[in-house]
Amino acid sequence: MMIPVRCFTCGNVIGEHWDEFKERAREGDEDPAEVLDDLGIDRHCCRRMMVSHKDLVDVVAPYQ
């Protein structure tokens, strides 16, 4: 799950798409813009937030 769950600018919920975006785009399998189009994220602010987000959960809480 992406933290924060909502876009800072417009407040749309984007966290629910984070796992699929990360798997498809961050692994280099697909172009991030095409993945965002497939997920239905069309607002510039939301797209910016998805592309620039860095997961810090593994760094902050490495012990599960």
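User: Before I start, what should I know about the model and its numbering?
Analyst: It's a predicted model, where local features need pLDDT of at least 70 and side-chain atom pairs count only at pLDDT 80 or more, while totals for chains, interfaces and linings use all residues. Residues are numbered from 1 along each chain as its sequence is written, and side-chain values use heavy atoms, with hydrogens and water left out.

User: How many helices and strands does the protein chain have?
Analyst: Start with how they're assigned: helices (H or I, at least four residues) and strands (E, at least two) are DSSP runs, numbered from the N terminus. Here the protein chain has 4 helices and 0 strands, and the pattern along the sequence reads α-α-α-α.

User: How do I read a pair of packed helices?
Analyst: Two packed helices are described by the angle between their axes and the distance between the axes. The axes are lines fitted to C-alpha atoms, for helices over the stretch in contact, and angles run from 0 to 180 degrees between N-to-C directions. Take helix α1 (residues 18-26) and helix α2 (residues 32-39): their axes come within 9 Å and cross at roughly 150 degrees. That makes α1 roughly antiparallel to α2, given that angles under 35 degrees count as roughly parallel, over 145 as roughly antiparallel, 65 to 115 as roughly perpendicular and the rest as oblique.

User: Is the crossing of α1 and α2 left-handed or right-handed?
Analyst: A crossing is left-handed if the near helix is turned anticlockwise from the far one by less than a right angle, and right-handed if clockwise. α1 passes α2 in a right-handed crossing.

User: Which residues of α1 and α2 meet?
Analyst: Contact means heavy atoms within 4.5 Å. From α1 you have Glu20, Phe21, Arg24 and Ala25, and they meet Pro32, Val35, Leu36, Asp38 and Leu39 in α2. By class, this contact of α1 with α2 has 6 nonpolar, no polar and 3 charged residues. For the classes, Ala, Val, Leu, Ile, Met, Phe, Trp, Tyr, Cys and Pro count as nonpolar, Asp, Glu, Lys and Arg as charged, and the others, Gly among them, as polar. If you want one distance to check on screen, glutamate 20 and valine 35 are 8.7 Å apart, C-alpha to C-alpha, and 15 residues apart in sequence.

User: How do α2 and α3 cross?
Analyst: The axes of α2 and helix α3 (residues 44-52) come within 11 Å and cross at roughly 125 degrees. That makes α2 oblique to α3. The crossing of α2 and α3 is right-handed. Ala33, Leu36 and Asp37 of α2 and Arg47, Met50 and Val51 of α3 make the contact, which divides into 4 nonpolar, no polar and 2 charged residues.

User: And what about α1 and α3?
Analyst: Their axes come within 10 Å and cross at roughly 65 degrees, and α1 passes α3 in a right-handed crossing. Trp18, Phe21 and Arg26 of α1 make the contact with Met50, Val51 and Ser52 of α3. This contact of α1 with α3 has 4 nonpolar, 1 polar and 1 charged residues.

User: Which residues of α3 are buried?
Analyst: Buried means under 20% relative accessible area, exposed over 50%, partly exposed in between (1.4 Å probe, protein chains only). In α3, the buried ones are Cys45, Cys46, Arg47, Met49 and Met50, and the buried residues of α3 pack against α1 and α2. For the whole protein chain, buried residues make up 28% of the 64 residues.

User: How many aromatic pairs are there?
Analyst: Rings of Phe, Tyr and Trp (its six-membered ring) pair if their centres lie within 6.5 Å; planes under 30 degrees apart count as stacked, over 60 as edge-to-face and the rest as tilted. Searching the whole structure finds 1 aromatic pair. The rings of tryptophan 18 and phenylalanine 21 have centres 5.9 Å apart and planes at 40 degrees, so the pair is tilted. Both residues lie in helix α1, 3 residues apart, about one turn of the helix. Tryptophan 18 counts as buried at 2% relative accessibility, and phenylalanine 21 counts as buried at 1%.

User: Is glycine 15 buried or exposed?
Analyst: Glycine 15, found in the segment before α1, is buried, with a relative accessible area of 2%. Its C-alpha atom is separated by 8.7 Å from that of methionine 50, 35 residues apart along the chain.
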